[in-house]
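Subject: Structure handover

Dear colleague,

I am passing on the structure we spoke about, and below it you will find what came out of going through it. Please have it open while you read, so that each place can be looked up as it is named.

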Amino acid sequence: MPLSDPQQYVDGAVRRRRRMTAWLAGANLTVALVLGALVAHVLATSHRAYEAQARDVSEGLAAVAQMNVAAELGRVDAILRATAAELERLLAAPGGTPDAVINDVLHARFKLLYGIDAFRAADVTGVVRWGTQLPAGAPTRITDRDYFIAARDLSNPGTKVSGPLVSRVSGRWVIGFGRPLVVGERFAGFVYVTVGVDHFRHLFERYELAPMDAMTLRRDDLRLVARMAPDSPSQGEVGDATVTDKLRAMQAAHPRQGTFVSTVMIDGQSRTSSYRAVDDWPFVVYAGVNNERFFKPWRQQAWTVASLAALAWLLVALATWQVHRATRRQDRAMQALADQGKRIQALQREQTAMLDSDLVGMAKIARRTITWRNRAVERLLGYGPGELQDMPARVFYWDDAQYEDVGRQVYSALAEHGYYRSQIRMRSKSGAAVWVDFGAVPLSETEIFAMAVDITAMKAAHEDLAHAAFHDALTQLPNRVLLYDRIEQALAMARRERTQVAVCYLDLDGFKAVNDAQGHDAGDQLLQTVAARLIANIRPLDTAARLGGDEFVLVLTCLESDEWRPVLARVVDAIGEPVVLSSGARVTVGVTAGVEVFSPDDESGAHELIERADHEMLRGKRDGKGRVRAGQALPGAQAGR
């Protein structure tokens with residue numbers, strides 16, 4: 001049989017090589033597209049996670065600031081309402097009341113409010129006649145102030161707000177809060193408080209803001225009241241209403257609350273901002289977090305992921321080129337195959353290095369048994385190398401109920417959506433709780449691929465923010481917001497159990513003298529000691545809270561008759577014990593208390609009870625301090641103790 005033409009073999013080899021080259025080029029293009037799509041998906045998911053983190057932080061700050069500002073305004077309003085009631089009583093007295101008496105009331109109430117500019121009252125013609133820091137010479141008139149004009153309309157009672165405006169006496173920017181004085185259903189004057197805008201800025205200084213973060217208070221017409229932005233080149237001008245169109249549109253569509261991303265016009269910084277309207281007040285609180293501190297790590301991650309993907313593609317391309325060379329060099333086929341094997345091993349090592357990330361825990365789980373895991377999972381949950389291999393996934397959970405519940409959620413979500421993601425509290429080897437951002441995708445009908453990122457620190461930060469929203473920063477006692485909730489709960493129980501509740505309003509006698517003589521640090525130490533003594537001398541079912549300054553409130557529950565008296569006496573005696581300061585000085589303070597007792601048939605709420613107890617305390621102060629004064633409606637009530 002004649003031999004075939006050798007050229008046929010050459011032509012056939014060329015055709016086969018060309019087909020192989022075209023196939024390899026298509027394979028490389030496919031790998032590049034798959035890697036590009038994977039990188040884009042990973043980075044988009046990561047970017048959304050960083051956006052969500054920035055949004056969560058800004059919303060948390062805005063919620064806390066809203067409650068704090070509302071509590072601060074509520075404190076001013078409560079004292080303003082009590083003062084208005086007192087002045088109306090004095091103005092209605094037969095024969096009139098001397099100016100000195102009215103001035104004494106205003107000066108006494110001025111001392112109860114920290115951070116205010118002035119506490120004054122005007123007569124029916126708008127002439128400021130009484131109050132603190134009255135100017136010498138010609139009297140000041142406020143007839144042109146909008147809150148005085150609004151107060152004359154008695155058909156719309158309530159506290160009026162004005163500002164920000166420049167005080168005609170101090171020359172400082174202030175916010176005004178005022179109420180009409182009504183005697184015999186006629187307008188008889190106007191009592192008002194002016195609060196410096198710096199007071200709100202100092203309020204925002206309590207928050208641990210990162211550089212270029214911002215806390216802002218504006219009127220509902222967007223006029224700037226106060227702003228705190230660490231390291232910002234500009235803090236803005238009070239009264240300025242210049243904002244971005246995005247903010248105006250957002251607030252017009254959602255006036256109560258919202259979140260948006262924009263470049264702030266005051267200092268040109270890009271921030272994720274959340275806002276909350278302050279309930280019952282014409283103010284809006286804004287919390288903005290600097291986007292740079294959230295997205296700088298994302299850009300670094302993007303560079304790392306893109307570099308790894310490019311490296312993986314280059315490795316695949318290099319392997320493809322070697323295969324192409326092998327088809328052209330038949331005499332070196334074995335060597336080319338060996339080289340290709342080495343390069344495949346190198347690629348596998350690269351892939352293994354990516355899977356063995358120290359940041360993201362990864363594991364394969366078949367029939368709820370761990371068949372593979374990386375080092376990050378072992379480090380995250382405190383296990384040694386290899387300890388988790390072939391272990392049941394039950395070791396991650398607190399009890400059988402959580403194990404079964406999470407299992408149902410995971411496999412149901414995988415069957416319906418093809419993925420699962422949630423925040424789960426897992427159990428480490430030592431028994432400690434570890435919060436993780438958990439995700440899973442199916443690999444087969446019996447195997448899933450799971451990923452976990454440690455978010456324990458973020459969870460702790462959220463819990464700290466929640467605690468700060470309801471507790472006084474200095475004494476850790478419940479603040480005004482939590483106090484009102486505790487009182488309402490106690491009143492509900494009293495109505496149900498047919499018992500009594502005593503609300504005791506306590507003011508320290510002699511605290512200002514200690515604070516002035518020993519300094520503010522000593523005053524803070526004294527307040528912390530008083531708070532500890534309050535907790536130590538009340539019952540577990542009772543509540544001790546701080547309203548601000550040296551004012552505290554006790555809520556004594558489940559009482560019969562006068563059972564509150566020995567409890568309060570024990571508290572007063574404990575507070576009166578000497579306090580040894582860190583400087584070595586021994587100081588003492590006394591207590592003046594006002595008490596209001598709630599009976600099961602009483603329809604009063606928390607605000608009314610605190611206001612009446614405050615009123616009794618103030619009467620005790622005027623009677624000579626060091627007294628416990630109960631409401632006159634109580635059986636057996638006495639003027640002093």
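Gln-133 sits in the loop that runs between strand S2 (128–131) and helix H3 (146–151), and this residue has a positive phi of about 55 degrees although it is not a glycine. Please keep in mind here, and throughout this message, that the model is predicted.

Asp-280 is found in the loop between strand S9 (270–277) and strand S10 (283–290), and with a relative accessible area of 77% it is exposed.

Strand S3 covers residues 160–166 and contains Pro-164, which is joined to Gly-163 by a cis peptide bond with an omega of about 10 degrees. S3 runs antiparallel to S4, and five bridges join the two; in one of the pairings, Lys-160 has Gly-178 in S4 as its bridge partner. The hairpin of S3 and S4 has six residues between the strands, and there Gly-171 takes a positive phi near 75 degrees.

S4 also pairs with strand S5 (residues 186–196), again in the antiparallel sense, and this pairing extends over ten bridges. Val-174 finds its bridge partner in S5, namely Gly-196, while in the hairpin of S4 and S5, where two residues lie between the strands, Gly-184 takes a positive phi near 60 degrees. Why can strand S4 be called largely enclosed by the rest of the structure? The reason is that eight of the eleven residues of S4 (residues 173–183) are buried.

Finally, a few values describe the protein as a whole. It has 15 helices and 22 strands. Its radius of gyration is 36 Å, well over the 26 Å that the globule rule gives for 641 residues, so the protein is more spread out than a compact globule. Taken along the principal axes, the box that the C-alpha atoms fill is roughly 145 × 55 × 50 Å.

Of the 641 residues, 45% are buried, and the accessible surface comes to about 32,300 Å², with 55% of it belonging to carbon and sulfur atoms. Among the contacts with a separation of 6 or more, 56% are between residues 24 or more positions apart. As for charge, the protein has 76 positive and 76 negative charges, and their mean positions are 6 Å apart.

With best wishes

Definitions and conventions. Residues are numbered from 1 along each chain as its sequence is written. This is a predicted model: local features need pLDDT of at least 70, side-chain atom pairs count only at pLDDT 80 or more; totals for chains, interfaces and linings use all residues. Side-chain values use heavy atoms; hydrogens and water are left out. Helices (H or I, at least four residues) and strands (E, at least two) are DSSP runs, numbered from the N terminus. The radius of gyration is taken over C-alpha atoms; the globule rule is 2.2 Å times the number of residues to the power 0.38. Buried means under 20% relative accessible area, exposed over 50%, partly exposed in between (1.4 Å probe, protein chains only). Contact means heavy atoms within 4.5 Å. Accessible areas come from the Shrake-Rupley method with a 1.4 Å probe; for residues, only the protein chains shown count as cover. Lys and Arg count as positive and Asp and Glu as negative; His and the chain ends are not counted. The place of a charge is taken as NZ of Lys, CZ of Arg, CG of Asp or CD of Glu. Two strands pair if DSSP finds at least two bridges between them.
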